[in-house]
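Subject: Structure handover

Hello,

Please find the structure below. My notes on it follow.

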Amino acid sequence: MTIQDKKLEAQEVPLSRRRFLGLLGKGAACAGAIVGAVGAGSALGAAEAGSGKHAYQQNDKQYAEAVNDPPKIPEYNWNDHQWAMGVDTTRCIGCLRCMEACKMENSVQMDANHNRTWVERYVYLEGSNTALIDSQADPKNIANAGSETKFRFDNRYKDAKVEKAFFVAKLCNQCEHPSCVEVCPTGATFKSKDGPVLIDTTYCIGCQYCVQACPYGARSFNESRGTAEKCNWCYHRITKGLNPACVEVCPTGSRVFGDRNDPESPVSLFIRNNHVQVLKPEMGNAPNVFYVGLDKEVV
Amino acid sequence: MEHVFEHVTPFVGYVYPNETDFPWSQLIVIYPYITGLVAGAFVISSLDHVFNIKSFAPISRFALLTALCFMIFAPTPLLFHLGQPTRAFNAVITPHWTSAMAAFGYVAGFYLCLLVLEVWFAFRADIVAMSKVRTGIMGKVYGWLSLGSDDLSEHALAIDHKVARILSMIGIPAACGLHGYVGFVFGSLKTREWWSSDLMPVIFLLSAVGSGVGLVIVLYVIVSKFRKTPIIDETMRGLLYVMFTGVAIVMVIEGLEILEMFYKAREGIETVRELIAGPIWVGMYIQWGMSVFALLTTSALLVLNVHGKRLVTWLFLSGLAMMIGVLAMRWNVVIGGQELSKTMKGLLTFTPELFGRESLFTVLIISICPYVALWLVTKLLPPWGEKIEPEGRAFDVHKLA
């Protein structure tokens, strides 16, 4: 059984229970179950950030199961692929569906301080030579949305004279020379043959040296699991021929994913047909996320 | 809504969203502080053991025990900090050698073994003497501690002395290595502008010696007051020389590092300036204020050729100032480095927790432990070279043979 199957199963449980209890008509007994089911079925933003639990996300038991008995993928050979991602910042509209999808897909902690991917908003006001930058984690955006789990930018510039504005999606760059792998004292985080940098959460000691070493701020620390966290390009999906969740949900095609070994893959075409850049090239990490339309202000 | 404001680290400008969760807290501040005290105390003990500078003889064994007791507790802040402390030995069993941190277990383990061995050789004669004069369970304990080696002939004592000296000689580069290595853990990170400096290992090492000497001075004065024994002037003068040298060099190097950073003025230097004027200004004032105080005091003590009680008072104060100043320096480095965002366009302001696993309370407990351990160890192994006099009988260790 794959992680997805397990998740689907977990989703189904409260729904079927609702029907069952509804039939029985035991109002008092089913109240809790209905609340749970409604939570699962309603908008994702209704999740409770405080508990870090969400009906779509893995619970601790499912997580333990997935870690201790990872799904086997017999037909996948990591020597055959070289995954890469492209981000076209000129297409991004800052809808943050990628953030939401990522949090759901990967059971990322729901608060604003733990993200595997996020989107930055850059705004040049008229006459200014520098950009104002914020992300969804900005307290003003959260206050405006009313919750950390409603992924929205506020409308703070509606009365300002904006000269130029754009969004830049960020995620782990799955670097060729990853600083995080270099500093990991146990080897719990490692570079896979097909590109993504992965974490063995059963071996990580939680020293957070990798969190310090990442130049892109892509790593965070999961306090409840006591281990490091980061984007792995939805490794469980890409090894089955699917796109990462953020790519899948992007409504504008701002995110492009594929295999560089395949010259006709979306990412190979993206790199070939555009002048691409990477973030912080001076760090020497050689990122594998390629950007189009970066600006001097992008951090 | 309150949730985010509860545990998010407040910031100005733009910081990466994940940065608002502070990775290394106050526990990582006291870890280099404690190892620094070890290195400094060890240097003092070796001045007599290796270089035979007799003015340090009265405190060399005490300094050695101080180094041992602090070394025992050096890894504890790390254990409290780890997300998975039970897996701590993964780094030792399967070290990932490209990591600066992977060698920690080996470096610390080697140094601890070295200290234990040196203590045993330095105290063997006393242990044997006490196993002969003490009765009851303590007599047995000393018997075990002597490991059955109860030969106190001149030849055997000479061998003890020689071995202790060799161990001490190995200990000097090891102490420098241990602490320079801690500096390397920070200095080698290219990500953080505030840490990424080639001078970092040197700064850590020199400030370690400064704070360690400060610790030995403070402890020596306090212990002598409690024991009602005279404070030897020559020893205090010796400590003064080391203190002055340490404080002068470390201030120059620290100054150079900041000067270099501002002179290079790489991207984001305005944010560095704001960091110093903003989140860590108190720490910077304490660090530099205490250092200047220690430098001026020790200079005056040297110039005016002060001896006796005034020397004790002022050297005690400058030792204390150095300990506080170096603690502030550790804070400024470890916390300051993280308060400066990786975006170089934002600053965070860290507020430590008072209670909890990673809190000031934990820091307090861990900081007290080495002193308690030292008190117990000096009960077990009196380092002051006094005659061992149980039940009215007097034994001179060196006449037992």
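**Notes on the model**

Ala265(B) counts as partly exposed, because its relative accessibility is 40%. (Buried means under 20% relative accessible area, exposed over 50%, partly exposed in between, with a 1.4 Å probe and protein chains only.) Ala265(B) sits in the loop between helix 10 and helix 11 (269–277) of chain B. Its phi is positive, about 45 degrees, although Ala265(B) is not a glycine. Most residues other than glycine have a negative phi.

Before the rest, the ground rules. This is a predicted model, in which local features need pLDDT of at least 70 and side-chain atom pairs count only at pLDDT 80 or more, while totals for chains, interfaces and linings use all residues. Residues are numbered from 1 along each chain as its sequence is written, chains are lettered from A and ligands numbered from 1 in the order in which they are written, and side-chain values use heavy atoms, with hydrogens and water left out. Helices (H or I, at least four residues) and strands (E, at least two) are DSSP runs, numbered from the N terminus.

**More from chain B**

Lys228(B) also has a positive phi, near 55 degrees, and is not a glycine. It lies in the loop between helix 9 (200–227) and helix 10 (233–264) of chain B. Lys228(B) counts as exposed, because its relative accessibility is 75%.

Leu327(B) belongs to helix 13 (residues 308–339) of chain B. At 32% relative accessibility, Leu327(B) counts as partly exposed. Which residues does Leu327(B) contact, leaving aside its neighbours within four places in sequence? They are Val29(B), Ile30(B) and Tyr33(B). Contact means heavy atoms within 4.5 Å. Leu327(B) and Tyr33(B) are 294 residues apart in sequence, yet their C-alpha atoms are 6.3 Å apart in space.

**Chain A**

Chain A has 10 helices and 10 strands. Of its 299 residues, 56% count as buried. Chain A exposes about 13000 Å², and carbon and sulfur atoms supply 54% of that. These accessible areas come from the Shrake-Rupley method with a 1.4 Å probe. Take the contacts in chain A with a separation of 6 or more: residues 24 or more positions apart account for 64% of them.

Now the confidence. pLDDT is the predictor's confidence in each residue, from 0 to 100. The mean for chain A is 84, and 82% of its residues reach 70 or more. Over residues 1–52 of chain A the pLDDT is below 50. Beyond near neighbours in sequence, that stretch has 54 contacts in the model.

One sheet in chain A is open, with three strands in the order 3-2-4 and antiparallel pairing. Strand 3 (132–135) and strand 4 (162–171) stand at the edges with a single partner strand each, so one side of each is left without a neighbour in the sheet. Two strands pair if DSSP finds at least two bridges between them. Strand 2 (residues 117–125) and strand 3 of chain A are joined by four bridges. Glu120(A) stands opposite Ser135(A) in strand 3.

**Where the chains meet**

In the interface, 58 residues of chain A are in contact with 42 residues of chain B. The area buried between the two chains is about 4000 Å², and carbon and sulfur atoms give 54% of it. (Buried area is the accessible area, with a 1.4 Å probe, that two parts lose on being put together, summed over both.) In chain A, Asn113(A), Tyr209(A) and Gln212(A) lose the most area to chain B. Together they make up 20% of what that side buries.

Best wishes
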